[in-house]
Structures are given as C-alpha cells and as structure tokens.
Amino acid sequence: MNNTDHRYQLESPRLTGRRQQKTTCPECGRRHCFVRYVDTEHDCQYLADDVGRCDHEQSCGYHYKPAQYFHDHPTLTMSDRSYQLPTTAKTLHISPAKRPFTPLDPTYVKRSHSTASVFWQWFATDCARQLQLTRQDLDRVYRDYMPGATRDGNVIFWQTDQQQRVHAGHVMRYLSNGHRQGYQCWVHWLLAQQKVLPTDYDMQQCLYGLHLLPARPDVPVAIVESEKTALIMAARYPDMLWMATSGSGGLSTEKLLPLMGRRLIIFPDSGCLQKWSDRMKISGHTDYIVYTGMEHYPPNTDLADIILGET
C-alpha cells in the first residue's frame, strides 16, 4: 500500500467518528449512493466531490481513486506524491480527466444481436399490437438499434457513438409484460468477471442511438431517459432521431457534444424537468426545446407510459 492509498480512504463512521455522508454519484446520478475519499491526515476532510466509489457496483461501477486523481492532476501533487489541502478551501471541485477511451470489440454487438430477449418478444408482440406497429417498423428499429440478448433472455442496449465505436452494453431484465424486473448490469463488468477485460476498465458512456447520427443529418434529435422509450418512440415517430441517456443522471455536457449544431427536443421524465433544464443551460447548445408536459403526470412517468396508457 503506497502513501496515497494509506492517507486517503473511503469515508466511514469508524474512520471519521461521524455519520457517513453519501452523496449523488457523478456517473449514474443516483442519490445517497456515493462514498467519497477523505484525507486522514487533515481531519478527514473530503478530497474532492467526484473522488469516491458508487455503491452500485454492477449497474454503475464508478470508482475514482485518489491515486488516479493525482495522476490526472499532476500539478496538485508534491514530490512525495502526497497533497496538502489548501487552507482556503476544505473541498476541491475539480472534474476528473478522462482516461484514454478504449472501445469494446464490435463483434460483441453482432454476436448478441437477437430477437431472443424477453424485452424484444414483448416489443414485437403485445407492444406492436397496441401501437399498431407494422413489420416494417419493427424491422427498422431492430436493424437501426441492434438490440442484443443474453443467454438467459436479458436485453442488451448497446451504446455506440457516431464513429461506430462501442462504448457500453447496458444489460437489463424485463418481464413478459414489458416492465423491468430490477436487475441490470453492464457488459464490461461481465467481461471483467470472465477476465476478458481488466477489473478497472474505464467505461465511458455515450448516448444510446448516437451511432445513427451520420445517417440522419437533417432530422431533429429527441432525447429521453430510457432505452425502452427510445425504441418505442423510434418505431412510432420515425420522423425524429430518438436517443436515450440510460439514466436520469446521463444528460451531461460531454454526452451532448456530438450533437452540436443539431436541433434538440428534450423529454425529461416527470420530476426531472428542473434537473434536465439546468443541464441544458450549461451544455453550450442553443437550438433546443425542453418539453414541460410530463410534469402533469406522477413522478417517473415517461413518454412510453403515456402512449401505452400506463399512467
């Protein structure tokens, strides 16, 4: 264990003598699940707001360690690679520099592309009948978004960017009624368990559906939270290019950068209007509309709930 590992440790009541303060994860956006590192040599003050570990190991996996933080910010380190907190501030607010992006092998997408998931079977039958989707609608969505399936019937929503680089695979379990069962994880985590990828593989998400951007240069881009909603809306309203953030915390400036110059229509789930509006204000985009109509519905309602009559 080096000096950095010893000095900076995850906050705990045993270590600090105070109640643990879990905050919002900077990656997945879930509240009360992020444990920060503290400086044991300076009254257990927090190192930085984004240096810590998310409790959701499988579904998020965010873990930004002090050693990586100092590696990314070499001007903050001393000759012995320890860091003295400035006397003018107790907490640093510096975003971590991203590691070089390593895409996943695209053969995973091709090999998993299948109609065998429980989600797709529901989508192509009950959902299609209710929304009067045609075979052409289903074939187009299946071809465009490349949904995958695991051996046990879970769906894989692949995140591929505009350069056709695979960023992530979101694995989710659905029931035959089209509702989630709760289980979710990421392909890179499964591959790490199989020792195909290193355990510290740095997943860098992009918007779901971003890979379709070059093929549709002149249509507005509509952004929702759920991949399920993006597929339903893409089948029903193909005059727009539908993308998903894969979580309420997924609407970030970084993810929106490839969409500069495009007309954007943002559809936050009910309860997320203020959060997503604030994100758009600092995104650098000017040609966008944030839809406010969802606030008339119960919390966590999205467009798919409305058109399926589940509100």
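Start at the beginning of helix H8, where a side-chain oxygen of Ser226 comes within 3.1 Å of the backbone nitrogen of Lys228. That is a polar contact (a pair of N or O atoms within 3.5 Å; within protein, one must be able to donate a hydrogen and the other to accept it, and residues adjacent in sequence count only if both atoms are side-chain atoms).

Before moving on, note that this is a predicted model, in which local features need pLDDT of at least 70 and side-chain atom pairs count only at pLDDT 80 or more, while totals for chains, interfaces and linings use all residues. Residues are numbered from 1 along each chain as its sequence is written, and side-chain values use heavy atoms, with hydrogens and water left out.

**Stop 1: helix H8**

Select residues 227–236, which make up H8. Helices (H or I, at least four residues) and strands (E, at least two) are DSSP runs, numbered from the N terminus. Because 9 of the 10 residues of H8 are buried, the helix is largely enclosed by the rest of the structure. Buried means under 20% relative accessible area, exposed over 50%, and partly exposed in between (1.4 Å probe, protein chains only). Among the buried residues are Glu227, Lys228, Leu231 and Met233.

**Stop 2: the second largest pocket**

Now select Arg180, Glu225, Ser226, Gly247 and Asp269. Of the 34 lining residues, these lie nearest the centre of the second largest pocket. On a 1 Å grid over the protein atoms alone, a pocket is an open set of points where a 1.4 Å probe fits, with protein on both sides within 12 Å along at least five of seven lines; lining residues have an atom within 4 Å of a point. The pocket holds about 730 Å³ of space. Strand S7 (166–174), S8, H8 and helix H11 (303–307) each supply at least two lining residues.

**Stop 3: the sheet S5-S6-S7-S8**

Colour the 4 strands of this open sheet, ordered S5-S6-S7-S8 with antiparallel pairing. Strand S5 (148–149) and strand S8 (180–186) are the edges, each pairing on one side only. Two strands pair if DSSP finds at least two bridges between them. S5 and strand S6 (residues 155–160) are joined by 2 bridges. Pick Gly148: its bridge partner in S6 is Ile156.

Next, click Ala168 in strand S7. Ala168 counts as buried, at 1% relative accessibility. Leaving out residues up to four places away in sequence, Ala168 touches Leu104, Phe157, Trp158, Gln159, Trp186 and Met203. Touching here is contact, with heavy atoms within 4.5 Å. The C-alpha atoms of Ala168 and Phe157 are 8.3 Å apart.

**Stop 4: His211**

Go to the loop between helix H7 (187–193) and strand S9 (221–224) and find His211. His211 is buried, with a relative accessible area of 12%. A polar atom of the His211 side chain lies 2.7 Å from the backbone oxygen of Asp144. Beyond four places in sequence, the contacts of His211 include Tyr145, Thr160 and Gln164.

**Stop 5: strand S2**

Finish at residues 34–39, strand S2. Here 6 of the 6 residues are buried, so S2 is largely enclosed by the rest of the structure. Strand S1 (residues 8–10) pairs with S2 in the antiparallel sense over 3 bridges. Tyr8 has Asp39 as its bridge partner in S2. S2 also pairs antiparallel with strand S4 (residues 52–54), over 3 bridges. There, Arg36 stands opposite Gly52.

Last, follow the hairpin that S2 forms with S3, with 5 residues between the strands. Asp43 in the turn has a positive phi of about 60°. Val38 has Tyr46 as its bridge partner in S3.

Notes
Points joined across faces, edges and corners; volume = space filled by probe spheres on them.
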